[in-house]
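Let's walk through a protein structure together, step by step.

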Amino acid sequence: MSQMVRLSDYRRRALALHFTRSELNQLLGVYSTQVIKGAWRDYSIGHSPGFARFCIYRNSREAPPLYTITKLATDGKARSAQAKKGRYMVTTRHRVLCQSHSLHQALRVFDSPIKLVSH
């Protein structure tokens with residue numbers, strides 16, 4: 001007698017990429033500083049198999065986000081320890097402000113006053 005086997009039970013599921021606790025502490029530290037200044041008012045966090053995103057909004061009804069901090073997955077072939085940690089990218093609308101292998105370095109873009117110029 002044959003037995004029915006569901007292939008989905010044996011397939012490896014792609015795990016979503018997440019921010020670690022220390023990364024979230026860094027992100028929320030920068031966010032809270034800007035909230036105190038009155039520049040930002042809302043944020044969202046999204047997770048997917050290839051990336052994790054921390055989106056910052058000027059107000060809760062705004063779309064698209066004012067800034068997006070993205071943690072990108074690295075391929076398994078990364079050789080250096082730094083490359084294996086991930087890659088971080090700070091974008092505003094459709095413009096890349098900073099890319100780094102360190103979240104701390106990527107968030108330094110917010111240290112100096114940034115002026116958003118709209119067309």
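Which side chain does the side chain of E23 join through a polar contact of 3.1 Å? The partner is K71: a polar contact of that length joins the side chains of E23 and K71. Before we look around that spot, please keep in mind that this is a predicted model.

## The overall plan

Let's begin with the whole chain. The protein chain is built from three helices and five strands. If you start at the N terminus and follow the chain, the elements come in the order α-β-β-β-α-β-β-α.

The protein chain has 119 residues, and buried residues make up 31% of them. The chain exposes about 9000 Å², with 51% of that supplied by carbon and sulfur atoms. Among the contacts with a separation of 6 or more, 36% are between residues 24 or more positions apart.

## The sheet and its helix

Five strands form an open sheet, in the order 1-2-3-4-5, and the pairing is antiparallel. Strand 1 (42–47) and strand 5 are the edge strands, since each pairs on one side only. From one strand to the next, the twist averages 15°. As background, strands of a sheet pair through backbone hydrogen bonds, either parallel or antiparallel.

Take strand 3 and strand 4 as an example: five bridges join them, and they run antiparallel.

## The nonpolar core

Which residues have the most contacts inside the largest nonpolar core? They are L27, W40, F54, I69, V90, L107 and F110, and the core has 19 residues. Several elements contribute: helix 1, strand 2 (51–57), strand 3 (67–72), strand 4 (87–92) and helix 3 (103–107) each supply at least two residues of this core.

Leaving aside residues up to four places away in sequence, L27 touches F19, F54, I69, L103 and L107.

## Back to E23

With the layout in mind, return to our opening residue. E23 is found in helix 1 (residues 21–37). Is E23 buried or exposed? E23 counts as buried because its relative accessibility is 7%, and the cut-off for buried is under 20%.

The side chain of E23 also makes a polar contact with the side chain of Y88, at 2.2 Å. Not counting residues up to four places away in sequence, E23 touches H18, K71, Y88 and L103.

## Along strand 4

Let's follow strand 4, starting with R87, which lies in this strand. R87 counts as partly exposed because its relative accessibility is 36%. Not counting residues up to four places away in sequence, R87 touches T70, K71, L72, T74, Q99, S100 and H101. R87 and S102 are 15 residues apart along the chain, yet their C-alpha atoms are separated by 7.1 Å.

Further along, T92 is also found in strand 4. T92 is buried, so look for it away from the solvent: its relative accessible area is 5%. The side chain of T92 reaches the backbone oxygen of L66 at 2.9 Å.

## The turn into strand 5

Strand 4 and strand 5 (residues 95–100) run antiparallel and are joined by five bridges. In this pairing, V90 stands opposite C98 in strand 5. The two strands form a hairpin with two residues between them.

For comparison, most residues other than glycine have a negative phi. R93 lies in the loop between strand 4 and strand 5, and R93 counts as partly exposed because its relative accessibility is 35%.

Definitions and conventions. Residues numbered from 1 in each chain as written. Predicted model: local features only at pLDDT ≥ 70, side-chain atom pairs only at ≥ 80, totals over all residues. Heavy atoms only, no water. Helix = DSSP H or I, 4+ residues; strand = E, 2+ residues; numbered from the N terminus. Buried < 20%, exposed > 50% of the residue type's maximum accessible area, 1.4 Å probe, protein only. Contact = heavy atoms within 4.5 Å. Areas by Shrake-Rupley, 256 points an atom, 1.4 Å probe, with all protein chains shown as cover. Polar contact = N/O pair within 3.5 Å; in protein donor to acceptor, adjacent residues only side chain to side chain. Core = buried A, V, L, I, M, F, W, Y, C linked by side-chain atoms within 4.5 Å. Pairing = 2+ DSSP bridges. Axes fitted to C-alpha atoms, helices over the stretch in contact; angles between N-to-C directions.
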